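Colleague: I've got this model open and I'd like to learn how to read it. Can you walk me through the features one at a time?

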Amino acid sequence: MGIEVVVEGLTKSFGRQTIWQDVSLTLPAGEVSVLLGPSGTGKTVFLKSLIGLLKPDRGRVIVDGVDMANSPERDIYETRKLFGMMFQDGALFGSMNLFDNVAFPLREHTKKKEGEIRRIVMERLDMVGLVGAEGKLPGEISGGMRKRAGLARALVLDPQIILCDEPDSGLDPVRTAYLSQDLINLNAQLDATMLIVTHNLDIASTVPDNMGMLFRRNLVTFGPREVLLTSDEPVVSQFLAARRAGPIGMSEEKDEATMERELREGTGPEGFGTRPIVPQLEPSPGMPPRQAVRRRTLRVLRMLDQLPPAARQEIEASLLGARTSAQGTPGGRP
Ligand SMILES: Nc1ncnc2c1ncn2[C@@H]1O[C@H](COP(=O)(O)OP(=O)(O)OP(=O)(O)O)[C@@H](O)[C@H]1O
């Protein structure tokens, strides 16, 4: 099972620019979480801080008893092996074929023999649908395939925590839909804790168990997906409805005067409504069920009376729906 990641009071600045401050959240073990946020709000900086590649100014990131922000470098290095990171651009070596790219972490970090490396690499390439392309160079394949190769490489060391930085960037809507399904299938197969940073509303609304959002140097919210999807916070509903009107402007944040004018003219965030909530994706036929589902249900039920009424209603409705369909259809929703 994946490992829980506990973030407490994390603050990061570059010089005098505060990127975000006092961020606290827990990525529940084995569940899928999504972090949303307008461009430039520091989502990539957050991922890099989780694996100890960037040092926050304050706060802690506890993974398997090690503080990735403050522990000695040797402990951080060891604990980083629990993570698999899929970088935004795939970060593949252009001169190596896909096989060698995916094998790279195994050759660097383990003493495994070539036969064993071949077995693992081919298994991971199979998981992301790239068997047959292993001899190709990154420059000879599509952007979507490069993403998959980056994902396969993130998986070779059997990570218990998988971080994906904008896995959808540059993909068309159909490939993004396939990718969403891949991410859920992966979670079903590995039961790893996953955090996906994305702008993509389709991924955000169909993939995660939990969602959070960074805005104006703060974590606006983090919790069960239903909380964010039913939120009436102007910044959240603007983002989810992909509207121009609202606190998010072209340069990330609008000035107060613009917002006041929008409200006066009735083009502000109120009254636009958000997207209807769609069910979370299920693993494809033939995949194992996601073990996180039961754990999450119990966890969410325990916190139910602390959640906003709209989120509570959604959760109750979806649990009831799952129970009804589980009686008729094996494996959950029809
Ligand atoms: N090493 C660094 N040194 C100085 N500033 C940095 C460094 N890394 C990131 N930044 C700054 O931190 C801010 C947040 O960057 P980051 O890439 O994390 O944003 P993001 O939310 O991932 O954006 P996007 O969605 O566009 O990818 C930016 O202003 C960026 O210039």
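Predicted model: local features only at pLDDT ≥ 70, side-chain atom pairs only at ≥ 80, totals over all residues.

Colleague: How much of the protein is buried?

Modeller: A residue is called buried if 20 or more other C-beta atoms, placed from the backbone, lie within 10 Å of its own. Of the 334 residues here, 40% are buried.

Colleague: And which domains is the protein divided into?

Modeller: Domain bounds come from an automatic or database domain assignment. Here they give domain 1 (5–229), domain 2 (231–276) and domain 3 (292–326). For contacts, two residues qualify if their C-beta atoms, placed from the backbone, lie within 7 Å. On that basis, 14 residues of domain 1 touch 11 residues of domain 2. On the domain 1 side, α7 (201–206), β9 (210–215), β10 (218–224) and α8 (225–229) each supply at least two residues.

Colleague: What about strand pairing?

Modeller: Two strands pair if DSSP finds at least two bridges between them. Strand β1 (residues 5–14) pairs with strand β2 (residues 17–27) in the antiparallel sense over 7 bridges, and Lys-12 has Trp-20 in β2 as its bridge partner. The two strands form a hairpin with 2 residues between them, and Gly-15 in the turn has a positive phi of about 60°. β1 also runs antiparallel to strand β4 (residues 58–63), joined by 5 bridges; there, Thr-11 stands opposite Arg-58.

Colleague: Last one: which residues are around the ligand?

Modeller: The test for being near is a C-beta atom, placed from the backbone, within 6 Å of the molecule. That picks out Phe-14, Ile-19, Gly-37, Ser-39, Gly-40, Thr-41, Gly-42, Lys-43, Thr-44 and Val-45. Helix α1 (residues 43–50) gives the most to this shell, with 3 residues.

Notes:
Residues numbered from 1 in each chain as written. Helix = DSSP H or I, 4+ residues; strand = E, 2+ residues; numbered from the N terminus. Buried ≥ 20, exposed ≤ 12 C-beta atoms within 10 Å, placed from the backbone.
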